[in-house]
Structure formats: C-alpha cells, structure tokens
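Subject: The structure I promised you

Hi! Here is the structure we talked about. Open it up and keep it beside you while you read my notes.

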Amino acid sequence: MSSKAVFDGKKALRGGAPICFPQFSDLGPVASQHGFARNSKFEVAEGELDPSGVNKSHNIVKLVLRHNDETLKMWPHEFMYSITFTLKDQGIEIDVEVMNQGQCEVEFTTALHTYFAVKDITQVGVHGLHAVQYLDSLQGRVTKRQQDEVLRFPGEVDRIYLNTPNEIIIADEATGRHILVSKAATLFDAVVWNPWVEKARATSDLGDEEYKNFVCVEVGRCGSPIVLPAQATWKASCKFEALEAPPALACL
Ligand code: TA6
C-alpha cells in the first residue's frame, strides 16, 4: 500500500487489488477511469461480523456491490457484483461473479488492478508473456508483440496483454521470491504497469520513489468486452501464490 494512499473513500486505494468495473481504464461508457466499483461501498455478504465489524469467518469473505441510484446514473444497468477472497496457506484465491439483473444484454470490461510488492523494480522479471500480443498504452495502444522472453522494467511500462497464458510469474529477483498469478480462462487478458519515476512524482497518492517497490499485474477482460445476456451470470477466478521454490521458468 502506498504511504500516501487516501482512505476517505473518495479515491481508489493505491495498493491491494482495486476492482475495475464496469470498465477497465476508459474501455467503456463510464466517465471515471476504471469505472465506479473501486470507489464504491461494498457490503459483507458472508460470514458473521463481530461487534467491531470484523468478519469472524477465519479465511473467507464475500463482498457484494449492487446497482443503486448512483451507479444507475453512471451506468444504466441493474447488476450484482460479488467478490470472494479466500486466504490460502501460500496466497489468496479470488472469485468474481457479475449478475445481469436487467431485462437486456449488457457489455462490460473488468480487471483486478493488483499491486504486487517487490524489493526493486529494476530487478523484476515477468515470465509467461513471451510472444503475446499487447496494446502499448504509452503509444496510443498500438498493437505489438512481446519480443523478450522476460518482461523487464527499464522505464514506465503500461501494456494490455491479450489472450495470455493462464499462468504468469513475477520474479522478484532481489529477494528470490516468485509470485504465481494464475487466472481462469474467462479472464483473457493481463495488464502490466509500472509508472516509473516521472509518473510516480505526478501521482499525488504515490511516494516519489515508491514506483521501485511494486508492479501491477492485473488479470481481466480488457481487449474485448464481456457480453452478458439478461439474467445471466459471468464468473471468473484467479489466484496469487508465493512459490516455495523457484519455478522452472523456461517452461512457461
Ligand atoms: O493499469 C494501468 C492503468 O490503466 C495505467 O494507465 C494507470 O492509469 C493506472 O492504471 C493507474 O490508474 P489510476 O486511475 O489508479 O491512477
């Protein structure tokens, strides 16, 4: 979490896994970048809350966002978005469901804008994207293809990788840690972002040097919208796991 994260609910937290819904970035009709879900108040749907409001179930919590007057003004569709976080020994599993509660088909894009802590971005390699097509958001989303076996960060990187493999590994080489990002087949894409120094300095809720200590790998559906018929439900899931031993990266 950024040391300058804003907790007043008016701005998405600069850390964790902000929910981009009903759109990723500007890939949809909602005026606000990444949609409204990441700035909305969810309700706890499962597990009991103790008097202090803490969820008493030991390793799982389900949160729900339903359409309301505010969301309907921004996006005129009735929906229920639910997200379930299940803590595992070596990581976390996240299950998402989007229910179209309206009477007509609806389109949306979505992603989990997840921030992964690293020791030094200049010693990070992202594996599993070799030869994958991507949209380069630093060059007007021109279409390119990942040339290098390992994606590294010599500067700002802001790419929407399309139809990626379902396993991506973040190698935090300065610590020897490896994080496995695995996603269900309904999550076609993965966005990789690091703002680097200039954009970090221009971002009020991010410390000037904090770009060095995170990489965003954001699983989602960005390149092509989900088309959800009336009364239907779209499901997706992903897992983030700290790997015990260095993986055989070459086979990715
Ligand atoms: O994840 C990539 C991205 O779309 C970047 O273009 C950058 O804008 C980032 O999201 C952060 O967006 P935010 O609205 O949270 O500052």
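How many nonpolar, polar and charged residues are in the lining of the largest pocket? There are 13 nonpolar, five polar and three charged ones. (Nonpolar here means Ala, Val, Leu, Ile, Met, Phe, Trp, Tyr, Cys and Pro; charged means Asp, Glu, Lys and Arg; the others, Gly among them, are polar.)

Before going on, a word on where this comes from. This is a predicted model, with local features needing pLDDT of at least 70 and side-chain atom pairs counting only at pLDDT 80 or more, while totals for chains, interfaces and linings use all residues. Residues are numbered from 1 along each chain as its sequence is written, and side-chain values use heavy atoms, with hydrogens and water left out.

Back to the pocket. Its volume is about 610 Å³, and of its 21 lining residues, L13, R38, S40, F42 and L63 lie nearest the centre. A pocket is an open set of points on a 1 Å grid over the protein atoms alone, with protein on both sides within 12 Å along at least five of seven lines; a cavity is a set where a 1.4 Å probe fits but cannot get out, and lining residues have an atom within 4 Å of a point. Points are joined across faces, edges and corners, and a volume is the space filled by probe spheres set on them.

There is also one cavity of 30 Å³ or more, and the largest cavity holds about 80 Å³ of space. Its lining has 10 nonpolar, two polar and no charged residues; Y81, W234 and C238 are among them. Strand 17 gives the largest share, four residues.

Now the overall build. The protein has two helices and 17 strands (DSSP runs, H or I of at least four residues for helices and E of at least two for strands, numbered from the N terminus). An open sheet of nine strands runs in the order 2-3-4-5-17-14-13-8-11, with antiparallel pairing; strands pair if DSSP finds at least two bridges between them. Strand 2 (43–44) and strand 11 (150–151) are the edges, each pairing on one side only. At the strand 2 end, two bridges link strand 2 to strand 3 (residues 60–66), and E43 stands opposite V64.

Have a look at strand 13 (residues 167–172) too. Five of its six residues are buried, so strand 13 is largely enclosed by the rest of the structure. (Buried is under 20% relative accessible area, exposed over 50%, partly exposed in between, with a 1.4 Å probe and protein chains only.) Strand 13 pairs with strand 8 (residues 124–127) over four antiparallel bridges, where V126 stands opposite I170. Six bridges join strand 13 to strand 14 (residues 177–183), and I168 stands opposite V181. Those two strands form a hairpin with four residues between them, and G176 in the turn has a positive phi of about 80 degrees.

Enjoy exploring!
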